[in-house]
Amino acid sequence: MAQIANVSVGTVDRIIHNRGQVTEENIERVNAIIKEYGYKKNIFASNLAYNKKFKFAVFLPKNENIEYWQAPIIGISKAAVELANFGVSVDYFFFDYNITSFKKTANKVLKLDYDGLLFAPIFYEESVSFLNEYKKNDTPIVMIDSNIPEIEGVAYIGQDSYQSGYLGGKLISYGIKNDSNVLILIINQNVESTSRTNVFLQRIKGFYAFFKEKQGLPKFNFTEINIKYDIENQLTKNMFDGIDCVFIPNSRVYIVAKFIKENNIKGIRIVGYELLKQNLEYLNDGVIDFLIHQKPEDQGHMGIGYLYKKVVLKESVNNFHFMPLEIIVKENM
C-alpha cells in the first residue's frame, strides 16, 4: 500500500491508526487506495505486538460427581490451552446446584471485570436477572446448554431444547400401535430446581407439542413425577404399573434403567439424554432404547472459540449455533 501511494510505511501506519503528523494530501491518497484495493486491519498481529491479554469468565454448576457438567469443562480447558499463546486466559466460577449458591456466585461475577463470559443459565428467573445486570457492562456473553431467547444480544451454543423434546416425543411414539401410558420422570439435583430449570421446561413443552400436533397417533396418557436423584428408594414398582414408555428430560436416565433392570420390569421403552458412562451401559444392555446427545464438550470448546473470535479477532460471529440432535442407539453408540 505504501508503495502504491508513494509514501513511507510510517505514513501509512499513522493514517490507519489516526496518529496525526501527515498531510491532508497523503491522507486522501491512502484512503483512496484503501477504498479501491480493500484493507482489513490484522487484529491478531496487533494484539501480539502489544502483548494484549484477554480474560474470560466461565460461570457454571459445580461438576464434582456430575458427569454431564464435567464434559463442557473438558472442552473449555482444551480451548484455553489452544488459545493461551494468543493472550487468552480463563477463570472459573462454580456454584452448587441451588439458588442461594447461584446468587452468591453471580454477585461475585458481577463485581469483576472480564472481556467475555461463558454461562449456563440453569435457574431461569435468576439467570434472567443476572444476564440483564451483566449486559450493562457491554461485555460479550455466550450461553451453553440452555437458551434464554428473550435476552437480546446474548449468543447461544447448544441444542434447541424445545425441538429436542419434540424429538423425544417422536422417539417414544415410533411403532406404537395401541393406546399407551407414558411416564415423564423428572430427576433433579434438588426440589427447588425441578420447576425452575429452563432446559427441562422447554424439553417437556416440546415433548407434549409432538403429541398435540401429530395426527393419527393412538391415545397417549401422560403422568409426570418429580424425584430428587440422591435420595434412596424414591422409585417404586407401582410407578411403572401399566406404563409403556418413560421419558427422562435430562442425563440421569441410568437411575431409571438401573431400577427397571434390578426389578426385572419388562416392555418399557426408555428415552433420555446424554452419553454418560452409566447411560451407555444400560443402552448396551437394551434397557435404554434411545439417547439424545447434545455434545456438551463441544459446546464448551465452541463457547470459548466464540469469545475469542468476538473479542480478540473482532470478527462478526453468528450469535446462534444449534448443535445437531443426535440419536444414539445400541447399534451406533
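Visitor: Which residues is Glu67 in contact with, leaving aside its neighbours within four places in sequence?
Guide: With those neighbours left aside, Glu67 is in contact with Leu275, Leu276 and Lys277, where contact means heavy atoms within 4.5 Å. The model is predicted: local features need pLDDT of at least 70, side-chain atom pairs count only at pLDDT 80 or more, and totals for chains, interfaces and linings use all residues. Residues are numbered from 1 along each chain as its sequence is written, and side-chain values use heavy atoms, with hydrogens and water left out.

Visitor: What makes the approach of the Glu67 side chain to Lys277 a polar contact?
Guide: A polar contact is a pair of N or O atoms within 3.5 Å; within protein, one must be able to donate a hydrogen and the other to accept it, and residues adjacent in sequence count only if both atoms are side-chain atoms. The side chain of Glu67 reaches the backbone nitrogen of Lys277 at 3.0 Å, so the pair meets the distance limit.

Visitor: Why does Glu67 count as partly exposed?
Guide: Buried means under 20% relative accessible area, exposed over 50%, and partly exposed in between (1.4 Å probe, protein chains only). Glu67 has 32% relative accessibility, so it counts as partly exposed. Glu67 lies in helix α5; helices (H or I, at least four residues) and strands (E, at least two) are DSSP runs, numbered from the N terminus. Glu67 and Arg252 are 185 residues apart in sequence, yet their C-alpha atoms are 9.8 Å apart in space.

Visitor: Which strands does helix α5 touch?
Guide: The sheet concerned is open, has six strands in the order β2-β1-β3-β4-β5-β11, and shows parallel pairing. Its edge strands are β2 (88-95) and β11 (320-322), each pairing on one side only. The twist averages 20 degrees from one strand to the next. Helix α5 (residues 67-83) packs on this sheet and touches β1 (54-61), β2, β3 (116-119) and β4, its direction making about 160 degrees with that of β2. Such angles run from 0 to 180 degrees between N-to-C directions, with axes being lines fitted to C-alpha atoms, for helices over the stretch in contact. Helix α7 (residues 124-134) also packs on the sheet, touching β1, β3 and β4 at about 175 degrees to the direction of β3.

Visitor: What makes β4 and β5 paired strands?
Guide: Two strands pair if DSSP finds at least two bridges between them. Three bridges join β4 (residues 141-144) to β5 (residues 155-158), so these parallel strands pass the requirement. In β5, the bridge partner of Val142 is Ala155.

Visitor: Why are β7 and β12 said to stand at the edges?
Guide: They belong to an open sheet of six strands in the order β7-β6-β8-β9-β10-β12, with mixed pairing. Each of β7 (220-228) and β12 (326-328) has a single partner strand, so one side of each is left without a neighbour in the sheet. Strand β6 (residues 180-188) pairs with β7 in the parallel sense over nine bridges, and Thr223 in β7 is the bridge partner of Leu183.

Visitor: Why does Gln159 count as buried?
Guide: Gln159 has 1% relative accessibility, under the limit for buried residues, and so counts as buried. Its place is in the loop between β5 and α8 (161-173). A polar atom of the Gln159 side chain lies 2.8 Å from the backbone oxygen of His293.

Visitor: Why is the pair of Phe320 and Phe322 called stacked?
Guide: Rings of Phe, Tyr and Trp (its six-membered ring) pair if their centres lie within 6.5 Å; planes under 30 degrees apart count as stacked, over 60 as edge-to-face and the rest as tilted. The centres of Phe320 and Phe322 are 6.2 Å apart and their planes are at 15 degrees, so this pair is stacked. Phe320 is partly exposed at 39% relative accessibility, and Phe322 is partly exposed at 44%. A search of the whole structure finds 28 aromatic pairs.

Visitor: What makes a set of residues a nonpolar core?
Guide: A nonpolar core is a set of buried Ala, Val, Leu, Ile, Met, Phe, Trp, Tyr and Cys residues joined through side-chain atoms within 4.5 Å. The largest here has 79 residues, and those with the most contacts inside it are Phe59, Phe240, Val246 and Ile270. A second, separate core of 20 residues includes Leu171, Phe207, Phe211 and Cys245.
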